[in-house]
Amino acid sequence: MKNRLPREHVDIQFLSLCISLLAFLGLAYWAGDIVWIKDFQPFITLISGIFALFIGVLALLRYYTKKMSLNYFFIGVGFLGVGLLDIFQVVLDLGGMSNLFSGAVSQVYPVTSVLSKTFLAVIMFVSWLVSRKDEVNGKGKKKKEAFLMSLVIGSFVLFIGVFVYLMISGIVVDGMVVIIVGLISLMFLILALLGYLLSKNWLYDDFNYWLIFLISFLILSQIFYLPFFNLEYSNMMNLSIWARFFAYIGLLIGFLNSIYVMFQKEMETQKELAKKNRELDQTKAKVEEAYLMLREEKWSLARSKGSVDKILKGVMKK
Amino acid sequence: MKGSTTANEVKKTRNNVFLDVLVFFSIFLVIGGFAYMILNPGKMKSDVRNSSRNTDILTIMQKMVGYVEETGNIPDMIPLNRACASIGNEICKTGTSDCKGYVDLTKVVGKSILPVDIFRNNKGNGTGYYVSHDGEGSIIICAPLAERSVKIELKQFMY
């Protein structure tokens with residue numbers, strides 16, 4: 001039986017999500033006049049990549065601790081892939097780490113970066129599909145795990161293959177292709193968001209809310225990337241990266257929160273155990289006390305029986 | 001005791017309803033924010049102001065070219081500085097009595113009025129446009145008050 005979260009808690013969560021989205025839109029509105037934001041583009045991409053690796057490791061750790069939900073496994077492997085793709089992208093774009101803060105990105109609209117975005121969108125969608133199936137049946141996990149592993153590895157190899165092919169052959173892909181692929185990613189993200197919202201697991205588990213937070217910011221990132229807003233191209237690229245950065249921070253908070261909840265539960269269990277042990281000790285002490293009293297009464301009875309026997313013997317002699 | 005419990009429940013329900021309304025309201029605000037960003041009237045206005053700045057510095061440059069063609073020299077009041085947007089390089093407004101610390105181009109433009117940046121209207125004696133020459137025959141005019149991190153600068157070789 002799952003415990004439902006308090007209604008106020010859920011309301012505040014979604015309110016904070018909306019406020020975060022509004023604040024980000026506000027940042028986007030003012031970003032045109034912020035000069036330093038451009039210099040941080042490769043650095044933020046790199047940090048995002050590192051965060052994605054962290055998320056991947058945490059998700060895998062979570063999965064292998066309990067082996068309850070394949071959703072974590074999928075998110076873990078997916079984010080490890082995305083993190084590697086992001087870092088690879090930065091290194092290739094800059095031509096080395098020495099240019100990290102110079103902001104000299106080779107292209108205004110790097111085509112190859114669309115791959116990691118699409119990969120992440122597909123991962124999020126499939127993770128929802130997996131979580132949906134998890135609820136239906138829990139059998140045959142090993143087979144499912146092997147299948148998913150090969151699916152993730154297959155898609156990752158495919159993305160890497162395309163990525164390397166594009167880099168080696170230097171094919172200039174039309175902007176149109178980027179927009180079509182970007183739209184497909186956006187579609188996957190929206191489907192995943194709808195899926196998670198409709199599953200209503202966020203009523204019971206905080207982690208599902210953080211997944212929704214992640215997907216919302218990823219959608220924002222994708223909208224900035226495509227680009228739909230009336231902003232400068234360079235700004236939109238920047239804001240797309242910043243939105244993704246915030247999305248990763250959100251999921252990282254989700255994982256940390258779930259670890260905190262697990263520790264809290266563990267502490268409660270420990271407290272409960274200590275309380276039970278105390279009660280057991282008290283009961284044991286009472287039983288011992290009762291036993292001692294019984295023994296004493298038995299002795300006194302025996303003693304009194306001995307004196308009665310003596311009296312009887314005396315009477316008989318007389 | 002029972003009465004206070006009921007009052008608490010009513011208060012809790014009110015809070016929940018208030019939070020629900022806030023959530024719905026903020027969802028509408030987010031959608032409105034998206035719609036606003038698609039149009040972004042603020043950026044449109046900034047673009048218009050930036051394009052008028054472009055036109056202004058072009059007008060000033062034309063006057064410079066006219067002066068150099070007439071006299072054969074770069075106006076001596078233009079400071080030598082490769083960085084255009086520096087202190088002391090700002091052009092003084094036409095008809096201002098005190099042009100100390102500014103570049104007075106009255107000799108160059110004659111009776112015509114110099115354009116003023118929209119952010120400098122009714123503010124100070126400067127036009128908001130800056131001028132300098134690089135010592136190699138080029139005049140640089142720039143508009144450092146340009147918005148949205150746009151760099152508006154014009155450099156022209158005079159000879």
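Chain A of this predicted model averages a pLDDT of 81, and 81% of its residues score at least 70. Within chain A, confidence is highest in helix 7 (residues 206-225), at 92, and lowest in helix 5 (residues 141-169), where the mean is 65.

**Contact between the chains**
- Chain A brings 21 residues into contact with 21 residues of chain B, and the chain A side of this contact is made up of 14 nonpolar, two polar and five charged residues.

**Helix 2 of chain A**
- Helix 2 of chain A, residues 41-66, counts 26 residues and spans 38 Å from its first C-alpha to its last, close to the 38 Å expected at 1.5 Å a residue.
- Just after this helix, Lys67(A) adopts a positive phi of about 55 degrees.

**Domains of chain B**
- The domain assignment divides chain B into domain 1 (1-39) and domain 2 (46-157), and the C-alpha centres of these two domains are 55 Å apart.

**Sheet of chain B**
- Four strands of chain B make an open sheet in the order 1-2-3-4, with antiparallel pairing.
- Strand 1 (90-92) and strand 4 (153-157) of chain B are at the edges with a single partner strand each, so one side of each has no neighbour in the sheet.
- Neighbouring strands of this sheet are turned against each other by 30 degrees on average, direction ignored.
- Strand 1 of chain B pairs with strand 2 (residues 126-133) of chain B over two bridges in the antiparallel sense, and Cys92(B) stands opposite Gly126(B) of strand 2.
- Helix 2 (residues 41-71) of chain B packs on the sheet, where it touches strand 2, strand 3 (138-142) and strand 4 of chain B, and its direction makes about 155 degrees with that of strand 3.

Terms used: Residues are numbered from 1 along each chain as its sequence is written. Chains are lettered from A and ligands numbered from 1 in the order in which they are written. This is a predicted model: local features need pLDDT of at least 70, side-chain atom pairs count only at pLDDT 80 or more; totals for chains, interfaces and linings use all residues. Two residues are in contact if their C-beta atoms, placed from the backbone, lie within 7 Å. Ala, Val, Leu, Ile, Met, Phe, Trp, Tyr, Cys and Pro count as nonpolar, Asp, Glu, Lys and Arg as charged, and the others, Gly among them, as polar. The expected span of a helix is 1.5 Å times one less than its number of residues. Domain bounds come from an automatic or database domain assignment. pLDDT is the predictor's confidence in each residue, from 0 to 100. Two strands pair if DSSP finds at least two bridges between them. Axes are lines fitted to C-alpha atoms, for helices over the stretch in contact, and angles run from 0 to 180 degrees between N-to-C directions.
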